[in-house]
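Reader: Can you walk me through this one? I'd like the overall picture, then the details.

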Amino acid sequence: SSGINAEYGGRAVFQLYPESPKQMELITEQATRCGFTGGVVVDYPNSTKAKKIFLCLFAGVPVTGVRMPQALGDEGEDTVQYSNERQSGKKRKRGEVSKKEWIHNKKQRRRVQGKEVTADSKYTGRKRKPKF
């Protein structure tokens, strides 16, 4: 059981890992034969690592009434932003967290996950002095 509610307006999104475009075409064709509408959404289509393929199915909804989800990573991919300014490596952007804050946030996330974390001390996030 796929868990899709086949009533009017039922929706389902499946992440697929097809071996070939032909296999993806076959899956989509079979879904349409079964009475579903929808299609395929590809996130980050130009990336080999980040590419994700989703099959979006809608039950009982006419093709014109379907609003497909927006794919990620395909807006403005053709152009590269260019700036004539040089940025120094030390300058922090607004909204970035300091190294110490990042370490505290990371430790908190791991605690929430139930993982073992070393206790925070006044030395957490400080640089170590060079030893010769």
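Author: The accessible surface of the chain is about 12,100 Å². Carbon and sulfur atoms account for 51% of that. Keep in mind that this is a predicted model.

Reader: Predicted, okay. What is the average pLDDT of the chain?

Author: The average pLDDT is 79. A score of at least 70 is reached by 73% of the residues. Where pLDDT is low, the predicted coordinates should not be read in detail.

Reader: Which elements have the lowest and the highest mean pLDDT?

Author: S2 has the lowest mean, at 85. Helix H2, residues 99-112, has the highest, at 92.

Reader: What does the secondary structure of the chain come to?

Author: There are 2 helices and 3 strands. Along the sequence the pattern reads β-α-β-β-α.

Reader: How many bridges for S1 and S3?

Author: S1 pairs with strand S3, residues 52-59, over 7 bridges. Within that pairing, valine 13 has cysteine 56 of S3 as its bridge partner. Glycine 10 has alanine 59 of S3.

Reader: And how many join S2 to S3?

Author: S2 and S3 are joined by 8 bridges and run antiparallel. One example is valine 42, whose bridge partner in S3 is isoleucine 53.

Reader: Is S3 enclosed or open to the outside?

Author: S3 is largely enclosed by the rest of the structure, because 7 of its 8 residues are buried. For the chain of 132 residues, 18% count as buried.

Reader: Now contacts. What share comes from residues 24 or more positions apart?

Author: They make up 50% of the contacts in the chain with a separation of 6 or more.

Reader: Let's do a loop. Where is glycine 73 found?

Author: Glycine 73 sits in the loop between S3 and H2.

Reader: Buried or exposed, that glycine 73?

Author: Glycine 73 is buried, at 9% relative accessible area. The cut-off for buried is under 20%. The C-alpha atoms of glycine 73 and asparagine 46 are 8.5 Å apart. Along the chain, these two residues are 27 residues apart.

Reader: Switching to charges. How many salt bridges in the whole structure?

Author: The search finds 3 salt bridges. As background, side chains of opposite charge can pair when their charged atoms come close.

Reader: Which residue does arginine 33 pair with?

Author: Arginine 33 forms a salt bridge with glutamate 29. Their closest N and O atoms are 3.1 Å apart. Both are in helix H1, 4 residues apart, so about one helical turn separates them.

Reader: Is arginine 33 buried or exposed? And how about glutamate 29?

Author: Arginine 33 counts as exposed, with 61% relative accessibility. Glutamate 29 is partly exposed, at 36% relative accessible area.

Reader: What about aspartate 120, which residues does it bridge to?

Author: One partner is lysine 107, with the closest N and O atoms 3.2 Å apart. Aspartate 120 lies in the segment after H2 and lysine 107 in helix H2, so the pair ties together parts that are 13 residues apart in sequence. Arginine 111 also forms a salt bridge with aspartate 120, and there the closest N and O atoms are 3.5 Å apart. Shared partners join Lys107, Arg111 and Asp120 into one network.

Reader: Which of those are buried or partly exposed?

Author: Lysine 107 is buried, with a relative accessible area of 12%. Aspartate 120 is partly exposed at 36% relative accessibility. Arginine 111 is partly exposed too, at 34%.

How values were computed: Residues are numbered from 1 along each chain as its sequence is written. This is a predicted model: local features need pLDDT of at least 70, side-chain atom pairs count only at pLDDT 80 or more; totals for chains, interfaces and linings use all residues. Side-chain values use heavy atoms; hydrogens and water are left out. Two strands pair if DSSP finds at least two bridges between them. pLDDT is the predictor's confidence in each residue, from 0 to 100. Buried means under 20% relative accessible area, exposed over 50%, partly exposed in between (1.4 Å probe, protein chains only). Contact means heavy atoms within 4.5 Å. Accessible areas come from the Shrake-Rupley method with a 1.4 Å probe; for residues, only the protein chains shown count as cover. A salt bridge is a side-chain nitrogen of Lys or Arg within 4 Å of a carboxyl oxygen of Asp or Glu.
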